[in-house]
Amino acid sequence: MRSVLIVATIAVPLYTAILHAWIYAQRRRERVHLWLAVAALGVTGMAAGVAAREVSGSAAEAHRWQEFEMAAGALLLVGFVRWCHALLGLARPRIERAADVFACGVGVGLACDGVFTDTFVLRAALGGGHIAQALLTPFGFAVVAGFGLFSLYVILQLGRHARRCPPARAPFFAYCFFWATLLHDIAIAVHWIDAPQILQFGYLVMLVGLSAGLVGDFVHSMRDAERRATDLRVRVSEHGEALRRKERQLVHGERLAALGTLAAGVAHEINDPLAFV
């Protein structure tokens, strides 16, 4: 069961990232798929880091994988903020730049070893066993708080639009589930509770929910495009038949005009000799 959970938390986000990247490659205007693919790639990195920490043989190796998780979380944050804006049709360049600056700050902090301390504790792992977790520095606590604030911003935007826009309701409820698991793991990180980390499971459920909604919209739009194309072909066929009828009428009219001209010429040629006689 534990191995199935580990494989699922890595394979499903990776498949989601590939799927939405392919959809974006087919329809470049659908940037919501691009940023969901970026977010799913970040989820894949975080899930892989958790799985690697569970099998790591030393504290130093677990520390490196925990830093890898944090870097993947920064990628996830950038993707989710832009995904939210693309989904809701919002133009918030300042928020997006703030997310970029925050992600760069996380990268600098990780490069300087300023996020985690050298002290480790054993936490219960999802599916049984224990996992080594490095404690946070003061800067690390600020990073975790920043993740929480940006996640709160996303859920507030989705909730505000969910009341007026039915398509935003499914992503809102899926993100609420993720938000609950995020708060749970933040409480573990700041040592408020001692329980297994379930954030990767929250990511898994959320990505499945978001992907189902977006893929459903994509299929619906494809069906609508096929219906419009069928209607267009019918209209083109009708207009083509009408043009062919007009063309036949014109050809018939030209023949009658030519016949009339010929008859007039013949009458004129006959009339001139008669008039002379």
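How many residues does helix α4 have, and how far does it reach from its first C-alpha to its last? Select residues 93–111 to find out. Helix α4 has 19 residues and reaches 27 Å, close to the 27 Å expected at 1.5 Å a residue. Keep in mind that this is a predicted model.

**Step 1: the whole chain**

Zoom out and color by secondary structure. The chain holds seven helices and two strands. From the N terminus on, the order is α-α-α-α-β-β-α-α-α. Of the 277 residues, 40% are buried. Now consider contacts between residues at least 6 apart in sequence: 66% of them join residues at least 24 apart.

Go back to α4 and show its side chains. Which residues are buried here? Pick out Glu96, Ala99, Phe102, Ala103, Val106, Gly109 and Leu110. Look down the axis of α4: these buried residues fall within an arc of 140 degrees, so they line one face of the helix. An α-helix has 3.6 residues a turn, so residues three or four places apart point the same way.

Turn to the other side of α4. Arg94, Arg97, Val101, Cys104, Val108 and Ala111 are exposed there. Then step just past the end of α4 to Asp113, which takes a positive phi of about 55 degrees.

**Step 2: α4 against α5**

Two packed helices are described by the angle between their axes and the distance between the axes. The axes of α4 and α5 come within 11 Å and cross at roughly 155 degrees. The two helices, α4 and α5, are therefore roughly antiparallel. Their crossing is left-handed.

Show the contacts. From α4, select Ile95, Ala98, Ala99, Phe102, Gly105, Val106 and Gly109. They meet Phe139, Val143, Gly146, Phe147, Phe150 and Tyr153 in α5. Ala99, Phe102, Val106 and Gly109 were among the buried residues of α4.

**Step 3: α3 against α5**

Which residues of α3 meet α5? Select Met70, Gly73, Ala74, Leu77, Phe80, Val81, Trp83, Cys84, His85, Leu87 and Leu88. On the α5 side are Val143, Phe147, Phe150, Tyr153, Val154, Gln157, Leu158 and His161.

Select Val143, Phe147, Phe150 and Tyr153. These α5 residues are among those that meet α3, and they are also among those that meet α4.

Terms used:
Residues numbered from 1 in each chain as written. Predicted model: local features only at pLDDT ≥ 70, side-chain atom pairs only at ≥ 80, totals over all residues. Heavy atoms only, no water. Helix = DSSP H or I, 4+ residues; strand = E, 2+ residues; numbered from the N terminus. Expected span 1.5 Å × (residues − 1). Buried < 20%, exposed > 50% of the residue type's maximum accessible area, 1.4 Å probe, protein only. Arc of directions from axis to C-beta. Contact = heavy atoms within 4.5 Å. Axes fitted to C-alpha atoms, helices over the stretch in contact; angles between N-to-C directions. Parallel < 35°, antiparallel > 145°, perpendicular 65-115°, else oblique. Left-handed = near helix turned anticlockwise from the far one by under 90°.
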